[in-house]
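Keep the model open as you read.

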Amino acid sequence: MLFFLFGTQSQSGPVTRMVAEPLLIDIATEQALLEFQDFVQSSIDRGRVPGAAVAVVRSGQIIYLKGFGRKEISHDEPIDTHTVFRLGSVSKSVTSILVGRLVEEGVISWEDPISKYLPAFKLKDHEATDSLRIRHLISHTTGLPY
């Protein structure tokens with residue numbers, strides 16, 4: 001087993017330790033992380049993306065954390081491990097998974113009306129308000145325009 005220290009790193013700076021104790025990882029994992037790092041960097045070098053922030057989690061702990069490249073093609077501001085990115089449509093799948101877990105645990109039901117959790121929510125039509133269910137929001141079948 002090898003010790004692998006993870007932390008932030010700019011393109012020109014050293015790795016900064018971010019944990020009190022280093023994590024033990026095997027040589028195969030270390031090699032895979034190095035190959036992945038090379039893949040990300042080569043993608044940036046070939047102009048496929050301006051930059052990326054990467055976190056690798058194993059057994060609930062971050063074993064690799066690094067920023068690559070820059071935030072925008074037209075600016076030189078580097079990406080680091082604190083760079084904030086827009087999630088875009090990723091939040092839809094995360095929301096669906098979390099709601100699914102709540103349904104699975106019996107906390108809520110797909111058939112619960114939205115008004116049960118948001119009493120102030122009202123559509124123009126009272127009947128439409130009453131018929132709107134959690135499943136409609138998650139499956140994008142509300143019938144509401146953008």
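Start with the surface: the accessible area of the protein chain is about 10,600 Å², and carbon and sulfur atoms hold 58% of that. Accessible areas here come from the Shrake-Rupley method with a 1.4 Å probe, and for residues only the protein chains shown count as cover. Of the 146 residues in the chain, 25% are buried (under 20% relative accessible area; over 50% is exposed and anything in between is partly exposed, with a 1.4 Å probe and protein chains only).

Bear in mind that this is a predicted model, where local features need pLDDT of at least 70, side-chain atom pairs count only at pLDDT 80 or more, and totals for chains, interfaces and linings use all residues. Residues are numbered from 1 along each chain as its sequence is written, and side-chain values use heavy atoms, with hydrogens and water left out.

How far can you trust it? The predictor's confidence in each residue, pLDDT, goes from 0 to 100; for the protein chain the mean is 83, and 84% of residues reach 70 or more. Confidence is lowest in strand E1 (residues 2-4), with a mean of 36, and highest in helix H4 (residues 134-138), at 94. Over residues 1-20 pLDDT stays under 50, and for that stretch the model has 52 contacts beyond four places in sequence (a contact means heavy atoms within 4.5 Å).

Now the fold. There are 4 helices and 6 strands, running β-β-β-β-α-β-β-α-α-α from the N terminus. Helices (H or I, at least four residues) and strands (E, at least two) are DSSP runs, numbered from the N terminus.

Next, look inside. The largest nonpolar core has 8 residues: Ile25, Leu33, Val40, Ile44, Val54, Ile63, Tyr64 and Phe68. Helix H1 (27-45) and strand E6 (61-69) each supply at least two residues of this core. Such a core is a set of buried Ala, Val, Leu, Ile, Met, Phe, Trp, Tyr and Cys residues joined through side-chain atoms within 4.5 Å. Beyond its neighbours within four places in sequence, valine 40 touches Ala52, Val54 and Phe68. Apart from this core lies another, of 6 residues, including Val99, Val103, Leu132 and Ile134.

Finally, the aromatics. Searching the whole structure turns up 1 aromatic pair. The rings of phenylalanine 36 and phenylalanine 39 have centres 6.3 Å apart and planes at 35°, so the pair is tilted (centres must lie within 6.5 Å; planes under 30 degrees apart are stacked, over 60 edge-to-face, the rest tilted). Phenylalanine 36 and phenylalanine 39 are 3 residues apart in helix H1, so about one helical turn separates them.

Definitions and conventions:
Rings of Phe, Tyr and Trp (its six-membered ring) pair if their centres lie within 6.5 Å; planes under 30 degrees apart count as stacked, over 60 as edge-to-face and the rest as tilted.
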